[in-house]
Structures are given as C-alpha cells and as structure tokens.
Amino acid sequence: MKKHILIIPGDGIGQEVTTWGKAVLEQIASDNGYNFTFDEALMGHAAIEATGDPLPEETLNKAKASDAILFGAVGHIKYDNDPTLKVRPEGGLLGIRKGLGLYANLRPIVLFDELLEASSIKPEVLKGTDILFFRELTGDAYFGEKKRSEDRNTASDLMIYHRYEVERIAIKAFEAARTRNKKVCSVDKANVLESSRLWREVVQDVAKNYPDVEVTHMFADTVSMQLIKNPRQFDVIVTTNIFGDLLTDEASQIAGSMGMLASASIGDGTGFFEPIHGSAHDIAGQNKANPLASILSAALMLEISFGLKEEAQRVTEAVRQVLKHGYRTGDIATVNTDRNKILGTKEMGQQVLTFLKKSVLAEESKMSLV
Ligand code: IPM
Ligand code: MG
C-alpha cells in the first residue's frame, strides 16, 4: 500500500502532538511493509508569520494532492484578546474545511475504562458510554454572511443551511448508526430557529429510508443537560456546526480530557484528521501536552481513509495498554492517587510506540507457534 500523508502541525502544542501521530503511522507502515510518504505544510498563526496568510495556497494545493492529512491545532492568544484583527489563525482551519469540502466531522466519544476516574462525572454514570458525533462542518453561522454596521455597533452572522447540506450529513449519520446500535439523535433548536426547522424536516425525510434505525429529535439545550445526566442513552448524534462545536467540547469531559479525543473530517475527497483540542499555548513547548488525541487521530486515518481497521485497532489497543500500566499526562492524571505515572509528551508518545512494537512481537510469536 502506498499513501502520501500531509502533516500540518499548526500552532502551539500542534507540533509536539503531531510528531507522535506521525511516529505511529511510520511504525504501522514499517511493521506492515506499507509505503507511507510524508510532507509538511503551514497553517494558522505559523503561516501568518511566514506568509501573511493563515492558509497559504501551497498548503491547500499540497492538501488536495495528499491521500490524508494529519493536523495539530491553530490559534494564538494574541488574536483571542484582540477581536479587531481581521486575519486570524482559525481562518486557516475554516478555509481548509471549505476548500476540501469536509462537511462531516466525526467525533467519537469513547471512554477507556482505565480513565473512568479521570472525569469529573461519576464513573457509574459514564461506564459504557460510546457516542459518535456527526458535526456538520461547512455551513451554519460559521460560513453565513457576516456583517458589521457602519457605526460598528451592530453585527450579525447569518445562520444558514441548505437542504443538500443537511441531507448529506444525515445520510452519513444514519449509515454509521446501521453499523452500531441503530439509534440517531438529531440535535437542533427547532422551537426557535428557522434553519433548525429545515434541519429537522430534512432529517425526518432521510429517516424514512432507514426504518431499521430509531430516530429521535432533541433540542440542543436539552442535549447539553442529558449528556451529563445520562450519556449512555446516546449512540449517534447528528447536529449543526455550532451546536456540534459546543456539545463535543462538553462531551470530551466524558472521556476524561480534551487531550483524549480524536476527530475525522470527511467529505468527497481527502480526509482530515485532528484532535479536538486547541493549540494550548499555556503549555506549548513544555513537553506537557497529551499526544494521545493525535495518535488516536492517526488511528482514525488508518481506518477511515485507508481501510486499515486492524491496524487502527492495534493503535487503540496500544493506547489502552499504556493507560492500563498507569501512564498519564497531566491532563488525565487522577487526583488523590499515587498509582499514576506522570509522563511528558515525548515519554507518553514513546510508551505508545513501545506497546505497538510489543503487539507486533506478540503476533509474530503467535505465528511461529502455529
Ligand atoms: C474545533 C475548533 C474550531 C471550530 C476553531 C479552532 C475554529 O473549536 O475544531 O472544534 O470552532 O470549529
Ligand atoms: Mg471546538
């Protein structure tokens, strides 16, 4: 198998964590005799500094020419505290989502039992939770018309959806539900928003083609409460760009930390894989960031873009082993226990590689026994 992968580290901890996502891909390639080639490109603040543009043309071209993309994070405090700045690092991420037509953002909320204690929610409420979010990614107020009045005292972002946009993500969600527990919960604010009434109408239409899948509709505010109250009730959740952004950050606390959650953005072309966490400048360059979300993003790439399900499982299993042995980065360390072995980014990445290599050895010894 021959694949060309573009690495876009971006800003803040992006560089540190993608190093380990890439290392895992290299390990998988060498273990299986696959030919993975890599290239790198700039985005976000790093790209603004170098070229003045958060998404240089070269990056978009390289992205289009690759088989999959592993991305880190974008953002910088400088921009967060100055809303008047027009060119912003996030423009790079939004631009590439639009440019590659990445309309479906899959955010699996999987909970490693080893991390049950790391969440601030009670373990008995969490245990067994397995939710797959489908967040719509190229519509909504993110991309609707933005206006500012001449006197600058009034502003608006148009929250807009077209039928085809809702339809294509709903289809993806229902298809995925068929391979899982056959339940889709569609999230909107149809009691208030016209765009949500269209959303609900279209999801109801799509649902007619999936009589074997149970569909429910919930308001976004209710879901934000139910996620904490009883997360196990959900299987697949499909929602709009903004609600999905908010609800998946909330849901990350089910998994113990934002540092654990991977995501896949897919459309009709190249897939884009990234942790859901941000650039975390407060810990950047200090060897403190959790590389597991990037490593799990690499696993999603193997499965979704390259169809390598077994290899993806090996990566996830290596992560589980690392957690089982008590290794933790600061964000997933459990308070009041001395069982944790706190590691830095590099040491954590290295541990995952060690367990990955062990899993190959185990396979080989199994084979020689037969
Ligand atoms: C995310 C992030 C982005 C978003 C930002 C960085 C533009 O929060 O991927 O969830 O709002 O989509
Ligand atoms: Mg977000």
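Helices here are DSSP runs of at least four residues, numbered from the N terminus. In this predicted model, helix α5 covers residues 90–99 and gives the most to the shell around ligand 1, with 3 residues.

The shell as a whole consists of Glu90, Leu93, Arg97, Arg107, Arg135, Tyr142 and Asp245, where a residue belongs if one of its heavy atoms lies within 4 Å of the ligand. By class, 5 of these residues are charged and 2 are nonpolar, with no polar ones. Tyr counts as nonpolar in this scheme, although the side chain of Tyr142 has an N or O atom 2.5 Å from an oxygen atom of ligand 1.

Two arginines also approach oxygen atoms of the ligand. For Arg135, a polar side-chain atom lies 2.8 Å from an oxygen atom of ligand 1. For Arg107, the distance between a side-chain N or O atom and an oxygen atom of ligand 1 is 3.0 Å. The protein buries 79% of the 320 Å² that ligand 1 exposes when taken alone.

Methods: Residues are numbered from 1 along each chain as its sequence is written. Chains are lettered from A and ligands numbered from 1 in the order in which they are written. This is a predicted model: local features need pLDDT of at least 70, side-chain atom pairs count only at pLDDT 80 or more; totals for chains, interfaces and linings use all residues. Side-chain values use heavy atoms; hydrogens and water are left out. A polar contact is a pair of N or O atoms within 3.5 Å; within protein, one must be able to donate a hydrogen and the other to accept it, and residues adjacent in sequence count only if both atoms are side-chain atoms. Accessible areas come from the Shrake-Rupley method with a 1.4 Å probe; for residues, only the protein chains shown count as cover. Helices (H or I, at least four residues) and strands (E, at least two) are DSSP runs, numbered from the N terminus.
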